Amino acid sequence: MPNHTPSGSPMTASPLTRAVLEIDEYVAGLGWDRPALLFALVDTASLRGQEPSLADRIGLTGEEAEGNLTPIEQEELPAGTPLDEFLGTIAWPDAVAGCALTVERLMLPPSAESSVPEGLDESGLNRWVAEHPDRQEVRMTVAVLRDGRRESALRLREKDASTEVLTGAGLVPGLAEALAATFAE
């Protein structure tokens with residue numbers, strides 16, 4: 001029998017990878033066409049010790065593996081504020097070990113880069129991508145820890161299944177950098 005957690009992630013995966021896959025699975029249950037979601041990542045054992053009523057409310061049993069991370073969804077991001085501007089306003093308390101963000105985007109295969117019309121402003125480029133026949137909708141979940149570790153999960157809308165989620169530390173470097181900057185002192 002495979003060695004998996006209830007969410008389907010391998011038990012041998014790092015706590016950060018398991019947290020990213022847990023967030024991906026949670027957001028997948030909410031469906032597509034959703035705004036970005038931000039999560040604080042806290043050490044599960046610390047959370048249990050410092051906030052037992054919150055731990056009980058979110059279903060922590062005390063049986064979680066050593067070093068596990070618990071994602072805690074934050075308030076909705078302000079509508080109309082560019083993501084990079086919003087991330088620049090965040091300061092995390094010391095109890096937060098890391099953070100994660102889930103965001104949906106349209107992407108094109110590398111082969112489409114050569115056909116991008118010149119002279120498009122950002123709005124025009126967004127329209128062009130949205131109308132391109134090879135576009136794909138993707139949900140990206142990116143997490144970073146204070147110590148610099150990173151993990152990402154990508155889920156294509158056309159392959160919307162847990163078994164089709166791609167993970168890796170360097171899949172979305174720009175977003176990982178922006179999240180890491182929220183821990184800069």
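The whole structure holds two aromatic pairs. Rings of Phe, Tyr and Trp (its six-membered ring) pair if their centres lie within 6.5 Å; planes under 30 degrees apart are stacked, over 60 edge-to-face, and the rest tilted. This is a predicted model: local features need pLDDT of at least 70, side-chain atom pairs count only at pLDDT 80 or more, and totals for chains, interfaces and linings use all residues. Residues are numbered from 1 along each chain as its sequence is written, and side-chain values use heavy atoms, with hydrogens and water left out.

**Aromatic rings**

- The Tyr26 and Phe39 rings are edge-to-face, because their planes stand at 90°, with centres 6.2 Å apart.
- This pair links distant parts of the chain: Tyr26 sits in helix H1 (residues 15–30) and Phe39 in strand E1 (residues 37–43), 13 residues apart. Helices (H or I, at least four residues) and strands (E, at least two) are DSSP runs, numbered from the N terminus.
- Tyr26 is partly exposed, at 38% relative accessible area, whereas Phe39 is buried, at 3%. Buried means under 20% relative accessible area, exposed over 50%, and partly exposed in between (1.4 Å probe, protein chains only).
- Trp92 and Phe183 form a stacked pair, 6.2 Å centre to centre with 20° between the planes.
- Trp92 lies in the loop between helix H4 (83–87) and strand E3 (96–107), and Phe183 in the segment after helix H6 (173–180), so this pair ties together parts 91 residues apart in sequence.
- Both Trp92 and Phe183 are buried.
- Arg139 lies over the face of Trp32, 4.0 Å from the ring centre. A charge sits over a ring if NZ of Lys or CZ of Arg is within 6 Å of the ring centre and within 35 degrees of the ring normal.

**Salt bridges**

- Side chains of opposite charge can pair when their charged atoms come close.
- The structure has seven salt bridges. Each is a side-chain nitrogen of Lys or Arg within 4 Å of a carboxyl oxygen of Asp or Glu.
- Arg157 and Asp33 form one, at 3.0 Å from N to O. Arg157 is in the loop between strand E5 (150–156) and strand E6 (166–168), while Asp33 is in the loop between H1 and E1, 124 residues apart.
- Arg157 is partly exposed, at 30%; Asp33 is exposed, at 56%.
- Arg149 pairs with Asp147, with the closest N and O atoms 2.8 Å apart. Arg149 is partly exposed, at 47%, and Asp147 is exposed, at 51%.
- Arg150 in strand E5 and Glu177 in helix H6 are 27 residues apart. Their side chains meet in a salt bridge of 2.8 Å, N to O.
- Arg150 is partly exposed, at 25%, and so is Glu177, at 46%.

**The cavity**

- A search of the whole structure finds one cavity of 30 Å³ or more. On a 1 Å grid over the protein atoms alone, a cavity is a set of points where a 1.4 Å probe fits but cannot get out; lining residues have an atom within 4 Å of a point.
- The largest cavity holds about 30 Å³ of space. Grid points are joined across faces, edges and corners, and a volume is the space filled by probe spheres set on the points.
- Its lining includes Val27, Arg34, Pro35 and Arg139. E3 gives the most to this lining, with three residues.

Methods:
On a 1 Å grid over the protein atoms alone, a cavity is a set of points where a 1.4 Å probe fits but cannot get out, and a pocket is an open set with protein on both sides within 12 Å along at least five of seven lines; lining residues have an atom within 4 Å of a point.
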